[in-house]
Amino acid sequence: MIDRSKDFFGDMNDIIVARRLTKRFGHFTAVDAVDFHIKQGEVLGLLGPNGAGKTTTIKMMTGLLRITSGSVWVKGYEVTKNLNKIKKFIGYMSQKFSLYPLLNAYENIEFCGGVSGVPRKIIKEKKELITKEIPREILTQRVKDIPPGIRQRVALFSCLISDPEIILLDEPTSGVDPEVRREFWAKIYDLKKKGKTILVTTHNLDEAEYADRILIIHKGRIILDGEPSELMRAEKAESMERLFRKAVTGHEAN
Amino acid sequence: MRIFYLFKKELIEILRQREMLVLIFIAPILQTIVLGYVVTTDVKNIPVQVVNLSESRAAFRIVNRINHSSLFDVKKVSHSPEDAVSIFKKGTAKAIIVLRDSFEAGNKNIRYPEVQILMDGIDANTAGIAAGYFNGIVRYYIMTDIKQKGFELPLESQTVIRFNPDLESINYMGPGIVALLLTMISMFLTSIGIVREKEQQTMDTLLISRLTPIEIFTGKALPMALLGLIEMGIGIAVVILVFNIQIRGSLLYLFITAVIFLFAILSYALLISTLCNSQQQALFFSWFSMVTFLLLSGLFTPIENIPRAFRWLADINPLRYLIRIIRELFLKGNDITYFTKDLLIMTGIMVVLLSLSIVNFKRMVSR
């Protein structure tokens, strides 16, 4: 049951709501009072250049970083107060894939499942499942020796092993070739069809069109929020890159 | 059950590094053997020079005894004065023994030369021991000589040494080395445990998992404790088999002591790991701590030598208690009643370190 506290003022369909979410490191404000929401079953793209505050935002949503001020609710639970509860709903894949280089792919998957409380039997079944996608001889190699594209798939598989409702992916396509990227987005659509809510951060503007909705973040502030095609039409921008430049220029002028 | 996966992961990570395996399983054998032979407080073969300016038979006999003693390595015997400072500067001898005829022999029946020993004080420890040895030789000679001349000494002390009658330093260094091994491997491996997660950016995987901070802490510490105990087992086997030192006390007490000590040292190492930002920093910190623990442990020098104002540093050093208990178990065969106090103090230190470490880890996790 969703526990909607009196502070929660999102829509009933909003699975994640952030209000004036702020993170400061000393005098530097990495994320500056951002407001946003993510609807259930939505694929949201959080776009911005390196250092814009994407990873900081996602880490505050998962409880990996302490929030300086503001709040974020996941399924109605305020993150700071209900960290253990929200961990059940979230699958998180970090920027560098967060795999153990000395463990092989199977061992990484087993570890992620095991520490997420997935029963042994399910872990075994999931390991069989990935063998259908990636050859066993690759999966038995140490992760440090396998190509980035496969590493990314293993990381995504590990993130999904506990079958989370909300999937937070931090720069999942960085360092992989276009073919792997396309395959990755195909997987994201499969997950969406299964009713999962997905947040993907990226600095590749050409990936924005894959998302149902995008948030453009710049210098810790959200400067655009909307469906990619609508935003392009409204801003009269013929490409995502133009749209981004316009938004940044407009934001800096203000 | 979740903790089992972390335990397994930690072990796999260590055992998959070939260099680490050598460090864990081969190094302790070599270390115990090498340290057992090398780290000795016995002072032998002290290079000395004898300047014998006396023509007495007594002087001749004393020189003869020095020559035949394994304690001294007589480099030169001269019969004319020598420049002591020059000899010490060259480093050819650490002591110069000078014998010359006394101008005022109190008793004409017993005529002994005047004896002087000049020491190179750079190595104060050896100098002190050498002076003691030499005085012993002279005293023994005089006593024998007086008795031969029909005199009786009014007072004579008799020394009886128990537990290590031959005063072999390996007998008490060996068990100390076992304690050293236990500390070294556990501290170094554990101190990089959490910082490695930070460096290879896998900390997020742990923190986003359902593991609680205490589970992460325990899952990190337990494999190291296991490896530490294996290390200790190897060390004990080497000490027993190579140096023929028998353990007279209970192995169970040794195990209990080791486990308490391990949790103290692992807590300290995990504290280092949470405070440092790189493995390099953690290793440096561990090395610095290791040297301090070692110097304040009583392994090489007696705790009683430490000035009172700094003795508290030794009192809070868990290695001090481990070494004492291990020595008591090995050499004296004492049961737990003899070292309950040490065990309780060590447990107290362990509880404080463990609490500090867990609090700090929780603080780090919620940053």
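A nonpolar core is a set of buried Ala, Val, Leu, Ile, Met, Phe, Trp, Tyr and Cys residues joined through C-beta atoms within 7 Å. A residue is buried if 20 or more other C-beta atoms lie within 10 Å of its own, exposed if 12 or fewer, and partly exposed in between, with C-beta atoms placed from the backbone.

## Basis

This is a predicted model, in which local features need pLDDT of at least 70 and side-chain atom pairs count only at pLDDT 80 or more, while totals for chains, interfaces and linings use all residues. Residues are numbered from 1 along each chain as its sequence is written, and chains are lettered from A and ligands numbered from 1 in the order in which they are written.

## Nonpolar cores

The largest nonpolar core has 140 residues, and A:Ile16, A:Val72, A:Val74 and B:Ala264 have the most contacts inside it. Helix α10 of chain B (residues 251–275) supplies the largest share, 14 residues. Helices (H or I, at least four residues) and strands (E, at least two) are DSSP runs numbered from the N terminus. A second, separate core has 20 residues, including B:Val48, B:Val51, B:Ile96 and B:Ile97.

Beyond its neighbours within four places in sequence, A:Val74 is in contact with A:Ile16, A:Met61, A:Val79, A:Ile86, A:Phe89, A:Ile90 and A:Ile166. Two residues are in contact if their C-beta atoms, placed from the backbone, lie within 7 Å.

## Chain A

Chain A has 9 helices and 10 strands. Its radius of gyration is 18 Å, close to the 18 Å that the globule rule gives for 254 residues, so chain A is as compact as a globular protein of that length. The radius is taken over C-alpha atoms, and the rule is 2.2 Å times the number of residues to the power 0.38.

Along the principal axes, the C-alpha atoms of chain A fill a box of roughly 55 × 45 × 35 Å. Of its 254 residues, 46% count as buried.

## Chain B

An automatic or database domain assignment gives the domain bounds. Chain B is divided into domain 1 (2–39 + 168–366) and domain 2 (46–148), and the C-alpha centres of these two domains lie 47 Å apart.

In strand β1 of chain B (residues 46–52), 6 of the 7 residues are buried. β1(B) runs parallel to strand β2 of chain B (residues 72–78), joined to it by 6 bridges; B:Val50 has B:Val77 as its bridge partner in β2(B).

## Contact between the chains

Chain B and chain A each bring 19 residues to the contact. On the chain B side, α1 (2–15) and α8 (203–208) each supply at least two residues, and α1(B) gives the most, with 6 residues.

Terms used. Two strands pair if DSSP finds at least two bridges between them.
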